[in-house]
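Subject: Structure handover

Hello,

I am passing on the structure below. Please look it over before reading my notes.

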Amino acid sequence: MTIAEFIAGQLFNKGVRYVFGIPGGPSIPYLEAFRKAGIEFILTSNESAAGIMADVTARLTKIPGVCHATSGPGATNIATGIGGALLDRSPVIVFTSEMSDKMINRTTQMNIDHQRLFEPLTKATFRLNTSNVREVIENAIKISLSSYPGPVHIGLPADIADAVVNNDPVTEHTIEEPLHDIDLNRIVTLLENSRSPILAAGLTAARLGVKNELLQFLDKYRIPVVLTPMAKGLLPEEHECYAGVLFHSLSDYLEDLYERTDLIIGLGYDPVEFNYESWVPDVPLVHFDMKMTDMPSSVNSVQYIGIPEEWFKMLGHLNKSSIVFQKNIMEGIRNEMNAVFEGFTGHFGPAAAIKALQDELPEDSVITADVGSHLHLIGQFWKTGNKGKVIMTNGWSGMGFGIPAALAAQLNNHEATVVCITGDGGFLMMAGELITAKRYNLPVIIVVFSDGELNLIKVKQSWKNIAPYGTFLYRDDLFASEVFLGVQVIRVDSYESMRKAVIEALSADEPVIINAVIDPEDYQWLIVKR
Ligand SMILES: Cc1ncc(C[n+]2csc(CCOP(=O)(O)OP(=O)(O)O)c2C)c(N)n1
């Protein structure tokens, strides 16, 4: 068996069905081996989309996502997606073509040091040789899946794909977990004595899918829950304990709760999304996660490191009879936030556009969001309910995420209604991937909030009393056509026309772009100043 065939076979056995990327000359034997093994190579327009598609595939399937790029420019392009997998905690294996041993230290076309390039972007990086193939593949998969999950890079020297795999011994990589002293007594005392705790659930909790455990816990202990953006969907918005999403639109309304709390409980809370010190009030914090986090000394905290089953067991030390659930305060906050949002739906801005989408899309739609002002509104006001899903990047926060994320979600579930909501800036970064959607018959709906500007940055300029500069995108209409790269474009400029467009797009079995020409004024009022 050749090295290429062995790798393809191993990946297939682990459940991998797609490899995303753009080939170079040295990729050819690998692509052929993937094809023969039953793994489809998904060609993208830019490798950064391939990295994002691998990340989202991994999030959805819980199997490492795999992507591939050629040397030099291919590797630097894919690096953006890999950074995302690192900071959004997604298990990805990225293969890049590297020079042969003979050429690696020579001055030659496309040659840069991939090992150094990927070192800060991954959990581990390896260079394959003819005697470490089994070991590298096995360990790479194991490392990518271990907590926190993340990307692993494997460099493929250009001349070894067709070499025969040896039966070399495998040294299993051991994942060392540092020992930590857990101050159980302090945690128990804090939990037992708290009268008004707030639970902040985050990325780790969402990734581990503790929704049912959380719901069962809340049946017993009614306490307010705030979610980080990437934990959106972990608790339905209509649940009486649901308070809101941190960091996103109008999240300053949640401060009413912070003023009344005596304990913050971080539940699978990964500060990569939003550091504790940026929001926690001056009360103790008990942090539950699978990994120790770097906690600033300014936060009065104690960490419990373990598995979710243990977190919930520890939470049993809360004293149900002494906890006061301030139902009115909770309802007040939620109602006020919703009323402010609703107040903006009278003209065609982002609030009305979101409302039209929410009114027409099926409850179980998968929404992928890009990065910018629009994300702040989606994060806070999209209702995932019990069936919906929102996929976003908040650890990495790279514009251009939304479109490839939608393609990956659709590829992994052809029956799902998949809708990408993106700003026009993010759309322009990934516009070429519309061809990818066409090529693979992915009937995604791409909703572009066309306001002609990089709004989030413009809003931040205004906070500093600085006139807009470097944030203006285009004059006139972004598309000025009913077709873009062969994809139908429906232009809308009102709540009603948006609703109609959504209905039309839902019945198409090919990709559709909805060009929502919005007045961005709402953002100025709805984005929280930080
Ligand atoms: C790759 C990348 N470049 C730049 C930024 C900084 N940034 C964050 S939001 C934003 C503006 C996004 O504009 P647009 O896509 O039009 O969305 P809007 O804010 O208008 O909703 C920028 C430039 C980023 N997060 N990622």
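This is a predicted model: local features need pLDDT of at least 70, side-chain atom pairs count only at pLDDT 80 or more; totals for chains, interfaces and linings use all residues.

Residues are numbered from 1 along each chain as its sequence is written, and side-chain values use heavy atoms, with hydrogens and water left out.

The whole structure holds 4 cavities of 30 Å³ or more. A cavity is a set of points on a 1 Å grid over the protein atoms alone where a 1.4 Å probe fits but cannot get out, and lining residues have an atom within 4 Å of a point. Volume is the space filled by probe spheres set on the points.

The largest cavity has about 90 Å³ of space. Its lining has 14 residues, with S196, P197, P224, V324 and Q326 nearest the centre.

The second largest cavity has about 60 Å³. Among its lining residues are I52, D55, R59, W396 and F401.

The largest nonpolar core has 99 residues, and L199, F217, W279, F288, L315, F449 and M498 have the most contacts inside it. Such a core is a set of buried Ala, Val, Leu, Ile, Met, Phe, Trp, Tyr and Cys residues joined through side-chain atoms within 4.5 Å, where buried means under 20% relative accessible area (1.4 Å probe, protein chains only).

F449 touches residues including P350, I354, H374 and Y523, not counting those up to four places away in sequence; contact means heavy atoms within 4.5 Å.

Regards

Key: On a 1 Å grid over the protein atoms alone, a cavity is a set of points where a 1.4 Å probe fits but cannot get out, and a pocket is an open set with protein on both sides within 12 Å along at least five of seven lines; lining residues have an atom within 4 Å of a point. Buried means under 20% relative accessible area, exposed over 50%, partly exposed in between (1.4 Å probe, protein chains only).
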